[in-house]
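Biologist: Before we start, could you show me the structure, so that we can go through it together step by step?

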Amino acid sequence: MRKSGPPKGLISHLVLELLDEKPRYGYEILKEIESISGGHWEPSYGSVYPILYKFEEKGWAERIERADEPDRKYFELTDAGREELERKRAESASKAREFADIILGFYHVFVAFATDDRFAVERTPGGWQFDEQFSEWMIEQIIRHHERDFEEFERIPDTPEEFAERMGLDEE
C-alpha cells in the first residue's frame, strides 16, 4: 500500500529519460511529462527544478548555453547521468505494483465519493460528477488506451488472489 503521491523517484527518472533524448529546460520537461501523462498530470516547478539542480550538483547533468536562447537554463545529460539512468531503469522495473496501487486506490476513493453515504459530495451542474456514468467513462478511456497501446481488451475473470497466484506474484 502506498502512503501518498507518485512512486518515489518517478519524476527524477522521467527527467533523466527526457534529458537522455536531448538537452532541455525545466518548463519543457514539465510540459513533456504532462504530455506523457495524456494531459492528466504535471509535476510542479518545485519538484522539477530542484531535481535539475541536484543532477548538476551530482555531475549527472550540466548546464549548456544556447546562443538562440541565452536566457533559458538548458541541461544536458552527462556520462555519469547516463549511468544513473541505467540504475533508475533497473530500479523502476520493480515499481509496477506501486503504480497499480496508486491508480486503484484513487479509483476506490472516487467510487467511495459516489456510493458511500459517509461522503456527501455535492453535484456541480455542468461539471464532473462522482457517479456511475463518470466512472464508466473513466474505465472506457482506460480500455481504449489499453487497446491502442497493446491489443484488444479481454476481461480477466480472476480474483486478485487468483491473478497473483497465476502470475507468480508475491503477496505483500
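Modeller: Please keep in mind that this is a predicted model. We can begin with Asp20, which counts as partly exposed because its relative accessibility is 31%.

Biologist: Is Arg82 buried, partly exposed or exposed?

Modeller: A residue is called buried under 20% relative accessible area and exposed over 50%, with partly exposed in between. Arg82 has a relative accessibility of 35%, so the word for Arg82 is partly exposed.

Biologist: How many salt bridges does a search of the whole structure find?

Modeller: One of them joins the side chains of Asp116 and Arg118, at 2.6 Å from N to O. Salt bridges that share partners also join Glu17, Asp20, Asp79, Arg82, Glu86 and Arg89 into one network. The search of the whole structure finds 24.

Biologist: By about how many helical turns are Lys31 and Glu34 separated?

Modeller: Lys31 lies in helix α2 (residues 26-36), and Lys31 forms a salt bridge with Glu34, the closest N and O atoms being 2.9 Å apart. Because the two residues are three residues apart in helix α2, the separation of Lys31 and Glu34 is about one helical turn.

Biologist: How far apart are the end C-alpha atoms of helix α5?

Modeller: Helix α5 covers residues 96-115, which makes 20 residues, and at 1.5 Å a residue the helix should span 28 Å. The distance in the model agrees with that expectation, the end C-alpha atoms of α5 being apart by 28 Å.

Biologist: Within what arc do the buried residues of α5 fall?

Modeller: The buried residues of α5 are Ile102, Phe110 and Ala112, and what covers them includes α6 (132-149). On the other side of α5, Ala96, Ile103, His108 and Thr115 are exposed. Seen down the axis of α5, the buried residues line one face of the helix, because they fall within an arc of 160°.

Biologist: What is the area of the nonpolar surface patch that includes Leu169?

Modeller: Leu169 sits in the segment after α7 (160-167) and is partly exposed, because its relative accessible area is 45%. Together with Ile156, Phe163 and Met167, Leu169 makes a nonpolar surface patch of about 360 Å².

How values were computed:
Residues numbered from 1 in each chain as written. Predicted model: local features only at pLDDT ≥ 70, side-chain atom pairs only at ≥ 80, totals over all residues. Heavy atoms only, no water. Patch = residues over 30% accessible without salt bridge, like charges linked within 9 Å, V, L, I, M, F, W, Y side chains within 5 Å. Areas by Shrake-Rupley, 256 points an atom, 1.4 Å probe, with all protein chains shown as cover. Salt bridge = Lys/Arg side-chain N within 4 Å of Asp/Glu carboxyl O. Helix = DSSP H or I, 4+ residues; strand = E, 2+ residues; numbered from the N terminus. Buried < 20%, exposed > 50% of the residue type's maximum accessible area, 1.4 Å probe, protein only. Expected span 1.5 Å × (residues − 1). Arc of directions from axis to C-beta. Contact = heavy atoms within 4.5 Å.
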